[in-house]
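These are my notebook entries on one protein structure.

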Amino acid sequence: MRRVITYGTFDTLHFGHIRLLQRARALGDYLIVGLSSDEFNKKKDKKAFHSWSERKYLLEALRAVDLVIPEESWEQKRKDVKLYHVNTFTMGDDWENKFDFLSDLCDVVYLPRTRDISSTTIRTAIGSLEC
């Protein structure tokens with residue numbers, strides 16, 4: 001069984017997230033998603049609209065996702081790759097070369113982002129709507 005892992009906040013879940021997760025899953029037989037905890041997001045100066053448990057619930061509803069684990073720090077990735085016997089680590093290509101340090105443990109693959117969509121774009125557009 002080939003295990004794949006990816007990480008993210010996955011707030012304001014959208015088409016680009018779904019495509020990324022489907023392509024990540026296609027790299028193996030089992031997809032693990034390291035979901036940034038609310039506390040870790042604070043350390044990254046990020047504020048998610050949905051709580052960790054709500055984002056986890058959304059991810060678990062997707063066919064492509066087999067397991068959701070909490071991401072508590074940048075440093076945990078090496079430990080997770082070993083703990084979950086990961087064959088492939090993947091992230092969007094906006095992170096190109098940032099995780100090459102894992103290549104001694106597993107394959108590292110950067111997937112192209114879906115153009116013209118992001119959580120920031122969606123939140124900005126929603127904020128500009130008049131009610």
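**Entry 1: cores.** I began with the largest nonpolar core, which has 13 residues. A nonpolar core here is a set of buried Ala, Val, Leu, Ile, Met, Phe, Trp, Tyr and Cys residues joined through side-chain atoms within 4.5 Å. I took buried as under 20% relative accessible area, exposed as over 50%, and partly exposed as in between (1.4 Å probe, protein chains only). The residues with the most contacts inside this core are Phe10, Leu21, Leu31, Val33, Leu35, Leu59 and Val65. H1, S2 and H3 are the elements that give two or more residues to the core. Helices (H or I, at least four residues) and strands (E, at least two) are DSSP runs, numbered from the N terminus. Apart from this core I found another, of twelve residues, among them Ile32, Val81, Cys106 and Tyr110.

I noted that the model is predicted: local features need pLDDT of at least 70, side-chain atom pairs count only at pLDDT 80 or more, and totals for chains, interfaces and linings use all residues. Residues are numbered from 1 along each chain as its sequence is written, and side-chain values use heavy atoms, with hydrogens and water left out.

**Entry 2: leucine 31.** I listed what leucine 31 touches, not counting residues up to four places away in sequence. The list includes Val4, Leu21, Ala24, Val65 and Leu67. Contact means heavy atoms within 4.5 Å.

**Entry 3: helix H3.** Which residues of helix H3 (residues 52–60) are buried? They are Trp52, Arg55 and Leu59. Seen down the axis of H3, these fall within an arc of 65°, so they line one face of the helix. The arc is that of the directions from the helix axis to the C-beta atoms. The cover over the buried residues of H3 includes helix H1 (15–25), strand S2 (30–36), helix H2 (38–43) and strand S3 (67–71).

**Entry 4: serine 37.** I found serine 37 in the loop between S2 and H2. Serine 37 counts as buried, at 3% relative accessibility. Leaving aside neighbours within four places in sequence, serine 37 is in contact with Trp52, Arg55, Glu71 and Glu72. A polar atom of the serine 37 side chain lies 3.0 Å from the backbone nitrogen of phenylalanine 40.

**Entry 5: helix H4.** In helix H4 (residues 76–83) I found Gln76, Lys77, Asp80 and Val81 buried. They cover an arc of only 140° around the axis, which puts them on the same side of H4. On the other side of H4, Lys79, Lys82 and Leu83 are exposed. S1, S3 and S4 are included in what covers the buried residues of H4.

**Entry 6: two loop residues.** What is phi of aspartate 45? It is near 60°, a positive value in a residue other than glycine. Aspartate 45 is in the loop between H2 and H3 and counts as exposed, at 72% relative accessibility. Asparagine 97 also is not a glycine and has a positive phi of about 75°. I placed asparagine 97 in the loop between S4 and strand S5 (107–111), and with a relative accessible area of 52% asparagine 97 is exposed.

Notes
Polar contact = N/O pair within 3.5 Å; in protein donor to acceptor, adjacent residues only side chain to side chain.
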